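User: I have a structure to go through with you. Could we begin with one of the helices and then move on to aromatic rings and the surface?

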Amino acid sequence: MKAGDIDAISNLDPVITRLQQDGAIRIITDSRFPRVNYEIFGGTNPAAVLYAKREFIAANPITMQALVNAFYKTLKWIATATTDEIVDTVPSDFFLGDRAIYVKALKANLLVYSKTGIITRQGMNSALNMLATFDPDLKGAKIDLQRTFDDRFIRRATVLFDDPTNSDLENDERRPEVDLKAFRD
C-alpha cells in the first residue's frame, strides 16, 4: 500500500488500523461497525466459529462442548474485561511491533464481537451469501442452514454458565449427552 503497488485492500486488524494511522489508506467502508455489517452483508458477519464434521461431533460431544464452552466463556469475559486486560492475554507477536496499535485496533473492533456466540438466522444467511460470492462451489448451491449450523452446544453453554435453572435444553432431542462432571473450569 505504501509503495503504491496496491490500489485497494480488504483486511483485518491490526493491519487496517496500522495502515490508517500511517495515512496509507482511506477507509471507504468499515465493517468494524455492526450497522455497516447489516448494510453490506444483511446481518452480522460470524467469523471466528468452530467447524466440524457431523461424524466428529457425534463421536466427540464432550470435546465439542468443551471447545464451545471455551469460546463462550472467552466472549463473556471480553464483554466485561478492560482493553488492557484483553491485550495482556495476546501474544506480543500480534502487535505488529506496536502494542498501542493493537490496543487501538481492538477498541475499533469491540462493537462487532458477539457477546454470546449465538449465530442468528440473519447471521447464518449473511455468512452463506458472503461465502457464495467468492466460492464458485457455493454459488447457487442449495444449502439447508438449519442442518448446517448446530447451535445445541452454544445453547448448552448458556445454560451451564448463565442460567442453570433454564430447562429448555432438557427438552431438546438434539441435546448432547454430556457428563457435566467431566467438565473442568
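Analyst: The buried residues of α4 are covered by elements including α3 (54–59), α5 (83–87) and α9 (152–161), where contact means heavy atoms within 4.5 Å. Helices are DSSP runs of H or I with at least four residues, numbered from the N terminus. This is a predicted model, in which local features need pLDDT of at least 70, side-chain atom pairs count only at pLDDT 80 or more, and totals for chains, interfaces and linings use all residues. Residues are numbered from 1 along each chain as its sequence is written, and side-chain values use heavy atoms, with hydrogens and water left out.

User: Which residues are buried in α4?

Analyst: They are Met64, Gln65, Val68, Asn69, Tyr72, Leu75 and Ile78. Buried means under 20% relative accessible area, exposed over 50%, and partly exposed in between, with a 1.4 Å probe and protein chains only.

User: Why would residues three or four places apart point the same way?

Analyst: An α-helix has 3.6 residues a turn, so such residues point the same way.

User: Now the rings. How many aromatic pairs are there?

Analyst: The structure holds one aromatic pair. The ring centres of Phe95 and Tyr102 are 5.3 Å apart and the planes are at 50°, so the pair is tilted; rings of Phe, Tyr and Trp (its six-membered ring) pair if their centres lie within 6.5 Å, with planes under 30 degrees apart stacked, over 60 edge-to-face and the rest tilted.

User: Are Phe95 and Tyr102 buried or exposed?

Analyst: Phe95 is buried at 9% relative accessible area, and Tyr102 is buried at 16%.

Technical notes: Helix = DSSP H or I, 4+ residues; strand = E, 2+ residues; numbered from the N terminus.
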